[in-house]
Amino acid sequence: MCGLVGFLGGDFSNSQLNKDILEKMSDQIINRGPDSAGIWIDAPSKVGLAHRRLAIVDLSPAGHQPMTSSSNRYVMTYNGEIYNSSEIRGELIKSGVVQNWRGHSDTETLLAGFDAWGIKDTISRVTGMFAIAIWDKDLEQLTLVRDRVGEKPLYYGWQGSGINRTFLFGSELKALKKHPQFTDEIDRGALALYMRYCYVPAPHSIYKEIKKLEPGTILTVSLNHHYFQERYWDSREIAKKGFQSPFDAPITEVTKNLEVELLKTISQQMTSDVPLGAFLSGGIDSSAVVALMQAQSSRPVKTFTIGFKEAGYNEAEFAKLVAGHLGTEHTELYVSSQDALDVIPKLPNLYCEPFADSSQIPTFLVSALARQHVTVSLSGDGGDELFCGYNRYLFADKVWKGLKIIPPAVRELVGKSVKSLPDAGWRKIFQFLNGITPAKFNGISWGDKLQKGAGVVGSKDLTSLYQGLVSNWQDPSSVVIGEGEHGEIFSTDIKILSNLGDIEKMMAIDVVSYLPDDILVKVDRAAMGVSLETRVPFLDHHIIEFASQIPLSMKLNNGVGKAVLRDVLYRYVPRELIERPKMGFGIPVGDWLKGPLKEWAEELLGESRLASQGYFYPGIVRKMWSEHLSGTRNWQSQLWVVLMFQAWLEDNM
């Protein structure tokens with residue numbers, strides 16, 4: 001795993017100055033590649049590339065970047081792993097390509113492919129995760145490529161004016177910010193999107209004129225500002241094809257074939273010249289990955305988990321049982337609330353732009369634990385989106401399909417009625433009912449759940465339902481000063497996916513948005529912050545294409561998600577070790593805001609501070625803060641997203 005930066009255009013009259021700029025940009029992402037650094041500049045063409053290397057495959061200097069192809073046509077800087085590199089080399093040799101290989105790095109494999117087949121045809125052949133920048137000397141154009149699902153990040157945009165107009169690109173925003181032409185003007189439309197979703201969805205970034213390259217996309221740009229952008233792979237089209245041509249076979253056969261596909265993928269992803277392990281939470285997804293790793297390993301797989309002493313937030317005990325059954329070399333670390341709190345000051349620099357998924361904290365902690373023992377760790381991310389694991393899918397199955405036959409006006413009236421009673425009122429009702437209802441329902445914040453539920457009951461269609469379910473702030477315009485959001489980001493996806501069922505649409509949209517912009521950002525930045533490479537077997541495009549053809553009835557069976565994946569797992573792990581309510585990977589943010597984080601939050605949420613900055617309406621934020629501290633309402637999610645922006649603003653502006 002590595003990091004890349006570069007620029008095209010601008011003033012190249014001073015080569016040493018441009019080299020110094022590239023070095024400063026590269027130094028900002030040293031955690032992504034602490035093993036070595038490289039710079040390549042072509043002053044006449046006004047282009048510069050830089051690379052930071054975390055050596056995983058071919059640890060020798062033969063893997064050094066930026067690297068030039070044998071033909072001398074292409075120069076590339078690249079972040080990622082190509083899992084079928086040896087197969088591509090074999091295909092090149094079979095097709096008659098003569099190559100004096102310098103080493104066995106996948107960087108060299110890609111460049112040989114570019115020489116033989118061109119960029120797009122080569123990328124279409126590869127299996128892996130990547131962000132790539134390629135300079136074509138013959139055509140004098142720059143090409144940026146991002147992997148199919150968006151495991152690796154890539155930002156870009158034109159900055160400056162006149163002779164200084166420069167195209168910047170790189171793995172992280174903090175690298176781009178070191179270029180003298182970078183303008184750090186906040187995009188308030190992107191800020192509004194962040195307030196809704198807790199992340200800034202692609203193609204936007206928090207800064208004006210800077211974008212994220214979307215997954216599965218190739219962008220070509222030249223000095224005359226000519227853009228050409230195309231998708232070489234589209235998960236929405238894959239979802240459509242799978243829905244139209246589902247497997248016509250019994251679940252036992254589909255389960256066996258899924259197991260074979262996963263074994264093959266995981267075997268590929270276990271290739272490494274450095275120590276390798278896996279995250280293990282004890283849940284379905286990570287347990288399946290570890291089980292299939294151990295089934296193919298001659299020695300115990302190294303597994304890692306962290307635990308919390310707070311009730312309701314600890315999965316370490318379950319992970320330990322799974323590890324014991326599989327016989328892994330298991331390392332667990334119980335962290336205190338102070339350990340977690342100590343991570344918070346690091347978050348603005350780690351994430352470069354506002355990011356408010358609070359599970360970023362335990363993700364960083366487990367990454368730091370793993371890095372003490374390995375350089376590569378596999379994870380179970382993606383299982384929820386592919387195999388129907390999120391509660392919102394169950395909601396659509398159990399509730400929405402009945403609600404949508406009720407006239408919208410009636411549903412809207414019901415929603416308003418629920419909202420008319422404040423959270424404190426609902427709390428009193430359910431405190432009374434605690435003595436009557438089953439114990440498993442005690443302690444649930446029913447008032448908060450009903451208030452959020454009331455907001456989606458009146459949804460006029462699936463688009464508004466989905467947006468309501470995934471929204472943190474239901475109405476960002478009520479708190480963000482200035483322009484509104486950049487349109488309904490899911491409306492186009494819904495149209496493309498019009499022939500799918502409601503749940504299939506939601507799963508497909510999550511693969512397009514929530515997965516790359518939240519889950520994969522969270523894991524990439526946390527892991528790269530400690531120079532750990534993460535690999536995600538479920539997101540191999542062959543697995544995604546296979547999963548798209550599995551009928552929903554094999555994923556969601558009698559109200560239980562991931563049915564077919566469970567069947568694979570139960571071939572290796574007893575059912576009783578896995579069957580339990582979904583917990584997630586969270587932290588007790590609400591309690592911490594009333595306790596050890598109170599002083600920190602109060603400073604960031606100060607009324608005069610909010611007013612002088614001019615991004616949020618102070619009144620509504622202060623009201624929420626007061627209600628949260630008094631216990632009138634639990635506003636932890638809404639406050640956390642404000643606090644993460646405030647902390648980021650303090651660190652970056």
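Predicted model: local features only at pLDDT ≥ 70, side-chain atom pairs only at ≥ 80, totals over all residues.
Residues are numbered from 1 along each chain as its sequence is written, and side-chain values use heavy atoms, with hydrogens and water left out.

Let me begin with helix 8, residues 251–269, and helix 9, residues 284–294, whose axes come within 9 Å and cross at roughly 75°; helices here are DSSP runs of H or I with at least four residues, strands are runs of E with at least two, and both are numbered from the N terminus. The axes are lines fitted to C-alpha atoms, for helices over the stretch in contact, with angles running from 0 to 180 degrees between N-to-C directions. Helix 8 is therefore roughly perpendicular to helix 9, a label given to angles of 65 to 115 degrees, with under 35 counted as roughly parallel, over 145 as roughly antiparallel and the rest as oblique. On the helix 8 side, the contact (heavy atoms within 4.5 Å) is made by Glu 259, Leu 262, Leu 263 and Ile 266, and on the helix 9 side by Val 289, Leu 292 and Met 293.

Glu 259 also meets Lys 256 in a salt bridge, at 3.8 Å from N to O, the term being used for a side-chain nitrogen of Lys or Arg within 4 Å of a carboxyl oxygen of Asp or Glu. Both residues lie in helix 8, 3 residues apart, which is about one turn of the helix. Glu 259 is buried, with a relative accessible area of 5%, whereas Lys 256, at 40%, counts as partly exposed; buried means under 20%, exposed over 50%, and partly exposed in between, with a 1.4 Å probe and protein chains only.

By this rule the count comes to 35 salt bridges. In one of them, Glu 353 pairs with Lys 212, the closest N and O atoms being 2.9 Å apart, and this pair links distant parts of the chain, 141 residues apart, with Glu 353 in the loop between helix 12 (347–351) and helix 13 (360–371) and Lys 212 in strand 10. Glu 353 is buried at 6% relative accessible area, and Lys 212 is likewise buried at 6%. Lys 302 and Glu 329 form another bridge, at 3.1 Å from N to O; Lys 302 lies in strand 14 and Glu 329 in strand 15, so the pair ties together parts that are 27 residues apart in sequence. There is also a network of salt bridges linking Arg 32, Lys 152, Glu 172, Lys 174, Asp 524 and Arg 525.

Turning to helix 23, residues 541–548, we find that 6 of its 8 residues are buried, among them His 541, Ile 543 and Phe 546. The buried residues of this helix pack against helix 7, helix 8, helix 14 and helix 24.

Finally, two single residues. Asp 397, in helix 15, counts as buried at 19% relative accessibility, and, leaving aside neighbours within four places in sequence, Asp 397 is in contact with Ile 503 and Leu 556. Ile 405, by comparison, lies in the loop between helix 15 (391–403) and helix 16 (408–420), and at 69% relative accessibility Ile 405 counts as exposed.
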